[in-house]
Amino acid sequence: MMHSSMDLVQEVLAHLETLAQHVSIAAAETLSRMKVKQLAELMGRYSMPCVGCVEKVDYLQGLVHHMGLPLYLPAGQTRLEVSEQPFVNHAYAKQAGERKMEFMQRFFTQLVGMVHERFMGEL
């Protein structure tokens with residue numbers, strides 16, 4: 001059966017969202033299981049500053065912030081949770097440390113890339 005291009009776009013987005021969900025769950029579980037020393041080593045390996053980091057919560061928040069992960073840490077817990085719709089929220093939201101112009105350029109590039117070239121010619 002033949003699909004319209006919009007059906008395919010929706011299928012691809014749904015598939016990407018499912019993949020992002022699975023990857024995010026794996027990242028949340030892996031990081032949550034790590035010891036403080038391992039988290040500190042990970043941050044050091046990638047030159048991520050964590051001024052004032054003492055407890056596991058501090059390191060987890062630092063990693064999520066610096067790596068732009070679609071995860072969050074519920075108040076008072078040391079177990080990371082996955083954001084709702086990690087692909088959409090990550091791909092189409094301004095990330096921590098991203099300047100406004102960088103975000104706008106990335107966002108509009110993604111939007112223009114979704115438009116079929118036949119329609120671009122008419123614009």
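A: A salt bridge, as used here, is a side-chain nitrogen of Lys or Arg within 4 Å of a carboxyl oxygen of Asp or Glu. One salt bridge turns up in a search of the whole structure.

Q: What should I know about the source?
A: This is a predicted model, where local features need pLDDT of at least 70 and side-chain atom pairs count only at pLDDT 80 or more, while totals for chains, interfaces and linings use all residues. Residues are numbered from 1 along each chain as its sequence is written, and side-chain values use heavy atoms, with hydrogens and water left out.

Q: OK, which residue forms a salt bridge with Arg99?
A: Glu102 does, and the closest N and O atoms are 3.3 Å apart.

Q: Is Arg99 buried or exposed?
A: Arg99 is exposed, at 57% relative accessibility. Glu102 is partly exposed, with a relative accessible area of 33%. Buried means under 20% relative accessible area, exposed over 50%, and partly exposed in between, using a 1.4 Å probe and protein chains only.

Q: Changing topic: how many disulfides are there?
A: The count is one disulfide, taking a disulfide as a pair of cysteine sulfur atoms within 2.5 Å. Cys50 is joined to Cys53, with an S to S distance of 1.4 Å. The link of Cys50 and Cys53 is left-handed, with -45° about the S-S bond.

Q: And where do those two sit, buried or exposed?
A: Cys53 counts as buried at 15% relative accessibility, whereas Cys50 is partly exposed at 23%.

Q: What about helix H3?
A: H3 covers residues 56–67, twelve residues in total. Helices are DSSP runs (H or I, at least four residues), numbered from the N terminus. From first C-alpha to last, H3 reaches 16 Å, close to the 16 Å expected at 1.5 Å a residue; the expected span is 1.5 Å times one less than the number of residues.

Q: Which residues of H3 are buried?
A: Lys56, Tyr59, Leu60, Gly62, Leu63 and Val64. Just after H3, Gly68 has a positive phi of about 65°.

Q: How many residues are in the largest nonpolar core?
A: There are 16, and those with the most contacts inside the core include Leu39, Leu60 and Leu63. Such a core is a set of buried Ala, Val, Leu, Ile, Met, Phe, Trp, Tyr and Cys residues joined through side-chain atoms within 4.5 Å.

Q: Which element gives the largest share of this core?
A: H3, with four residues.

Conventions
Helix = DSSP H or I, 4+ residues; strand = E, 2+ residues; numbered from the N terminus.
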